[in-house]
Amino acid sequence: MFAQPLIDGMDFARNGRELHGEISIKSLLRLGDMLAKSDGSLAYVVRGLRVSDRYMLEVALSGVCHLRCHRCLGEIEYPVGITTRLQLVSAEKMDEIDANDDEMECIEASSQIDVLALVEDELILGLPFAPKHPEGTCSPDIEGLQQPASAFSVLANLKKKY
Ligand SMILES: [Zn+2]
């Protein structure tokens, strides 16, 4: 079992704290249909830091996800290497910042940040929206079955789910 770690954002940033852990891909329920299979786990590091007068959390993720190809629905072994910095801001400031999205990503400076939810958010943002095998390398079995159906009907079927 994996614990559900909570961290105090500002305390982390002020004191340069670090948390290392591993997260089971099975527990990342929001990935859902993006995955061909939910084997394995990802390593994460959450690090607090201060850059000039900004307090931040840096979230780094590494490992392998088995994504589903949007062309043949086969499996793609996708190496994950994501590092994101999130600026800690007060709850009141969060409302103001919402509009200008060219700014750095922000997170509410809560004293109880759910690390696993944070890791899941950053993973979802960091993964490709519609992953595909490189051109010409899709699974031939599945492609054969699809013919003469076009890629459009595959897409249409995918869309029906949403
Ligand atoms: Zn494919």
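Before the metal site, a working definition: I count as donors the N, O and S atoms within 2.8 Å of the metal. The model I'm looking at is a predicted one.

**Zinc site.** Which protein atoms are the donors of the zinc ion? I found Cys69 (SG), Cys72 (SG), His133 (ND1) and Cys138 (SG), lying 2.0 to 2.4 Å from the zinc ion. Along the chain, these donors follow the spacing C-x2-C-x60-H-x4-C. Cysteine 69 and cysteine 138 link distant parts of the chain, 69 residues apart. I located cysteine 69 in the loop between S5 and strand S6 (75-89), and cysteine 138 in the loop between helix H3 (115-126) and helix H4 (140-146).

I checked the geometry too: the four donor atoms subtend angles of 103 to 117 degrees around the zinc ion, so the arrangement is tetrahedral.

Buried or exposed, I asked of cysteine 69? It is buried, at a relative accessible area of 0%. Cysteine 138 has 5% relative accessibility, so I put it down as buried.

**Strands.** S4 runs antiparallel to strand S2 (residues 18-24), joined by seven bridges. In S4, I found valine 46 as the bridge partner of leucine 19. S4 also pairs with strand S5 (residues 54-68), antiparallel over ten bridges. These two form a hairpin with two residues between them, and serine 52 in the turn has a positive phi of about 45 degrees.

**Aspartate 39.** I found this one in the loop between strand S3 (35-37) and strand S4 (41-51). Leaving out residues up to four places away in sequence, aspartate 39 touches Ile25 and His66. Its relative accessibility is 40%, so I noted it as partly exposed.

Notes:
Residues are numbered from 1 along each chain as its sequence is written. This is a predicted model: local features need pLDDT of at least 70, side-chain atom pairs count only at pLDDT 80 or more; totals for chains, interfaces and linings use all residues. Side-chain values use heavy atoms; hydrogens and water are left out. Helices (H or I, at least four residues) and strands (E, at least two) are DSSP runs, numbered from the N terminus. Buried means under 20% relative accessible area, exposed over 50%, partly exposed in between (1.4 Å probe, protein chains only). Contact means heavy atoms within 4.5 Å. Two strands pair if DSSP finds at least two bridges between them. Donors are N, O and S atoms within 2.8 Å of the metal (3.2 Å for Na, K and Ca); water is not among the atoms, so sites may look incomplete. Four donors count as tetrahedral if all angles lie between 85 and 135 degrees; four count as square planar and six as octahedral if opposite donors are over 155 degrees apart and all others between 65 and 115; anything else is irregular.
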